[in-house]
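Morning, everyone. I'd like to walk you through one model today, so let me put it up on the screen.

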Amino acid sequence: MVHLSKFFAVAAACLAAPAVAHPGEKHDPHVVKREIHARNAAAAYAKRSLGGCENSLHARELAKRNVARRAQKVQNLREKRGVTSKSQKWRRDLAALEKWEAINHNKTGILNYSPATPESVVFSANTSCILTPTITDGPYYVWGEVIRENVKEDQYSDGVDLSLEVQYIDINTCRPIPGALVDIWQANATGVYSGISESGNYAADGWDSTYLRGIQQTNEDGVVNFETIFPGHYEGRATHTHLLTHLNATVFPNKTLEVDTGSVAQIGQLFWNEVLRSAVEDTYPYTLNSQPVTSNEDDQWAKLEADSAYDPFPEYIYLGEHLDDGLFAWIQIGVNATADYTDNSYYSIAAYHDADGGHENADDTFVGGSGGGSGTASSGSASGTPSPSASA
């Protein structure tokens, strides 16, 4: 196991927060308030459930495996990228937090660990993240993406490399959820989603594009890994990464999922702290993104959903001294494996991708209108050029 010298601390810790706010959505504010209250109550219950078994034998053994796996992953990534400089560890003191939307991440202190500090201090953080019931998956979910770990493609995927580990724990059993199929999708560095070609988000290659989308299946420890980039921002939303979890879905030999099989047990988003986002967006090609930035605090749905029971930020580290060396981030999510949002009116499939390419879902009833992920990606650019009308 690698010893990674001098660590600093600042930053992020837990859960895929489940909300989205898209310009054009129309919701009764009183209904939304009731839904948020119900979700927060569910989160508090789930947190207590996980907390009651965190000292069990299987939980302690899982925690040990988590530390070893994450440390080994970082060592492998550093060796693969030829990184020999010191690795920076960013971490936040969760004890001082009451609501994540009130956090100013710039105020967190610097922890000066010695070179002998064990990896368990860095890689053990889970914070029992709880995913509450979801409102909507947004207007850009595409069914039919390929099962693959590396979702970066030759075009439109330039940016700060991010290796992301997500671990799913069943709140009913406090055990990992193996065999779950997890979708990931996000905007690229200039704020453009692939797979969608409509007002607000004209991706290069249109409906046929697939960059920064993919599916992975959780292993025996409930873990999936994705090789992606740090997501870009777009007008009206804080920077985020989408996740959606299928249970008992049928997988075709071509490594895609059969439509309408299994359950949708989780729909959520990861948010990213402002210090990291600002640092990333000072680099190319994020500097090409001219859209207004929305902070975590100003993201209307994310802020309203926050509760002291959870905090929607992954832990992360710099693999080396600089962002050019890439990032490793990890998060543990508590999921109610008996839940199924397949028939929920907020579960929306915007498009399908199959052997014939991408196709718009003409029956999509998403209530957010046509606004979306922002931007037009020109076929000649590295990552696409955002349009002036952004909404997602």
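Predicted model: local features only at pLDDT ≥ 70, side-chain atom pairs only at ≥ 80, totals over all residues.

Let's start with a quick one: is glutamine 291 buried or exposed? Glutamine 291 is buried, at a relative accessible area of 7%. By buried I mean under 20% relative accessible area, exposed is over 50%, and partly exposed is in between, using a 1.4 Å probe and protein chains only. You'll find glutamine 291 in the loop between helix H4 (274–280) and helix H5 (300–305). Helices (H or I, at least four residues) and strands (E, at least two) are DSSP runs, numbered from the N terminus. The glutamine 291 side chain reaches the backbone oxygen of threonine 190 at 3.2 Å.

Residues are numbered from 1 along each chain as its sequence is written, and side-chain values use heavy atoms, with hydrogens and water left out.

Okay, on to helix H2. Among the buried residues of H2 are Leu62, Val67, Lys73, Val74 and Leu77.

Now, the charges. How many salt bridges are there? The count is 11, taking a salt bridge as a side-chain nitrogen of Lys or Arg within 4 Å of a carboxyl oxygen of Asp or Glu.

Take lysine 73 in H2, since it turns up in a couple of them. Lysine 73 meets glutamate 149 in a salt bridge, at 3.7 Å from N to O. That one links distant parts of the chain: glutamate 149 sits in the loop between strand S3 (142–143) and strand S4 (161–170), and the two residues are 76 residues apart. Glutamate 149 is partly exposed, at 33%. Lysine 73 also forms a salt bridge with glutamate 227, with the closest N and O atoms 3.4 Å apart. Here the partners are 154 residues apart, as glutamate 227 belongs to strand S10 (residues 223–229). Glutamate 227 is buried, at 17%.

Then there's arginine 81, which bridges to aspartate 161 at 2.9 Å, N to O. This pair joins H2 to S4, 80 residues apart. Both ends are partly exposed: arginine 81 at 34% and aspartate 161 at 22%. There's also a network of salt bridges linking Arg65, Arg69, Arg70, Glu165 and Asp221.

That brings us to S4. Why call S4 largely enclosed by the rest of the structure? Because 9 of its 10 residues are buried. S4 and S10 run antiparallel, joined by 7 bridges, and strands count as paired if DSSP finds at least two bridges between them. In that pairing, aspartate 161 stands opposite isoleucine 229. S4 and strand S14 (residues 327–335) run parallel, with 9 bridges, and valine 166 stands opposite isoleucine 331 there.

Last stop: S4 also pairs with strand S5 (residues 175–176), antiparallel, over 2 bridges. Isoleucine 169 faces proline 176 across that pairing. The hairpin has 4 residues between the strands, and cysteine 174 takes a positive phi near 60°. Over to you for comments.

Methods
Polar contact = N/O pair within 3.5 Å; in protein donor to acceptor, adjacent residues only side chain to side chain.
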